Amino acid sequence: MPNALTTRSLVDLVLDQLKERIQNGEWCVGARLPTEHVMAQELGVSRNTVREALRVLVFTGVVEVRQGSGCYLRGQRNLLDALKSIYDCDSTQTIETLRIIKFESVGLATERRTNSDLLIINEALNQIQLKECSSWSDYLSWQTTFNQCLVDASQNSALSQLYKFLNQIVENKDNHSSNITQHKLGLITLNSDIAQAIDTQNCKLALKACCALENALKTAIKIRA
């Protein structure tokens with residue numbers, strides 16, 4: 001019976017070789033890959049080893065299987081490698097990306113929001129108005145949730161998922177417990193302005209309120225520091 005560690009090592013070696021061939025342009029996007037039998041012969045391993053390596057490429061979105069036709073190259077970049085690159089970005093870059101997504105999403109939301117979106121947004125506003133939120137960590141947790149509601153209202157699932165993923169990267173980075181009481185009312189008012197502009201489908205006012213909110217947050221954070 002083959003050693004599990006040896007088998008795993010063979011799969012990793014085959015995977016590395018396949019990735020290298022893909023990066024070197026041996027197969028173009030959309031091309032049909034050689035059969036498992038052919039690759040096994042070329043690499044000097046069993047078909048099972050090749051199959052396991054291909055499963056990893058399928059899982060990461062590099063290869064797709066077409067029933068009865070074979071395996072085709074879907075892309076040259078490993079999805080997990082791409083996500084790791086994003087995860088390793090400087091936090092300032094991640095926050096900048098979040099802001100870009102939010103502004104673009106708010107613009108789209110003024111055109112595409114549904115009645116259901118408006119209910120969710122207003123419910124989030126009601127929660128912060130009723131909640132005794134005195135620390136920055138509490139407020140930022142709510143702001144993140146509210147922002148996600150705005151992005152979701154864009155009806156663009158790619159933006160929604162990317163925004164959620166990036167927020168998971170930066171969450172819990174701010175552990176300060178400074179008091180937010182003196183800033184809370186002004187910040188909530190600006191968030192309300194964004195919600196109102198989305199409701200009335202006024203893109204210009206929505207983006208203006210977003211800018212005002214970003215400036216108010218920066219000012220509050222500087223004062224806090």
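Helix α5, residues 91-112, has 22 residues and reaches 30 Å from its first C-alpha to its last, close to the 32 Å expected at 1.5 Å a residue. The model is predicted.

**Helix α5**
- The buried residues of α5 are Thr94, Leu98, Ile101, Lys102, Ser105, Val106, Gly107, Leu108, Ala109 and Thr110.
- One of these buried residues, Leu98, is in contact with asparagine 167.
- Ile101, Lys102 and Ser105, also among the buried residues of α5, are in contact with valine 151.

**The chain**
- The chain has 10 helices and two strands.
- Along the sequence, these elements follow the pattern α-α-α-β-β-α-α-α-α-α-α-α.
- Of the 225 residues in the chain, 37% are buried.
- Among contacts between residues at least 6 apart in sequence, 71% join residues at least 24 apart.

**Helices α7 and α8**
- Two packed helices are described by the distance between their axes and the angle between those axes.
- For α7 (residues 136-152) and α8 (residues 157-170), the axes come within 9 Å and cross at roughly 165°.
- An angle over 145 degrees counts as roughly antiparallel, and α7 and α8 are therefore roughly antiparallel to each other.
- The crossing of the two helices is right-handed.
- On the α7 side, the residues that meet α8 are Thr144, Asn147, Gln148, Val151 and Asp152.
- On the α8 side, the residues that meet α7 are Leu159, Ser160, Tyr163, Lys164 and Asn167.
- By class, this contact has three nonpolar, five polar and two charged residues.

**Valine 151**
- Valine 151 lies in helix α7.
- Its relative accessible area is 0%, so valine 151 is buried.
- Beyond its neighbours within four places in sequence, valine 151 is in contact with Ile101, Lys102, Ser105, Leu159, Ser160 and Tyr163.
- Of these partners, Leu159, Ser160 and Tyr163 are among the α8 residues that meet α7.
- Valine 151 and lysine 102 are 49 residues apart in sequence, and their C-alpha atoms are 6.1 Å apart in space.

**Asparagine 167**
- Asparagine 167 is placed in helix α8.
- The relative accessibility of asparagine 167 is 11%, so this residue counts as buried, the cut-off being under 20%.
- Leaving aside neighbours within four places in sequence, asparagine 167 is in contact with Leu98, Thr144 and Gln148.
- Thr144 and Gln148 are among the α7 residues that meet α8.

Terms used
Residues are numbered from 1 along each chain as its sequence is written. This is a predicted model: local features need pLDDT of at least 70, side-chain atom pairs count only at pLDDT 80 or more; totals for chains, interfaces and linings use all residues. Side-chain values use heavy atoms; hydrogens and water are left out. Axes are lines fitted to C-alpha atoms, for helices over the stretch in contact, and angles run from 0 to 180 degrees between N-to-C directions. Helices (H or I, at least four residues) and strands (E, at least two) are DSSP runs, numbered from the N terminus. Angles under 35 degrees count as roughly parallel, over 145 as roughly antiparallel, 65 to 115 as roughly perpendicular and the rest as oblique. A crossing is left-handed if the near helix is turned anticlockwise from the far one by less than a right angle, and right-handed if clockwise. Contact means heavy atoms within 4.5 Å. Ala, Val, Leu, Ile, Met, Phe, Trp, Tyr, Cys and Pro count as nonpolar, Asp, Glu, Lys and Arg as charged, and the others, Gly among them, as polar. Buried means under 20% relative accessible area, exposed over 50%, partly exposed in between (1.4 Å probe, protein chains only). The expected span of a helix is 1.5 Å times one less than its number of residues.
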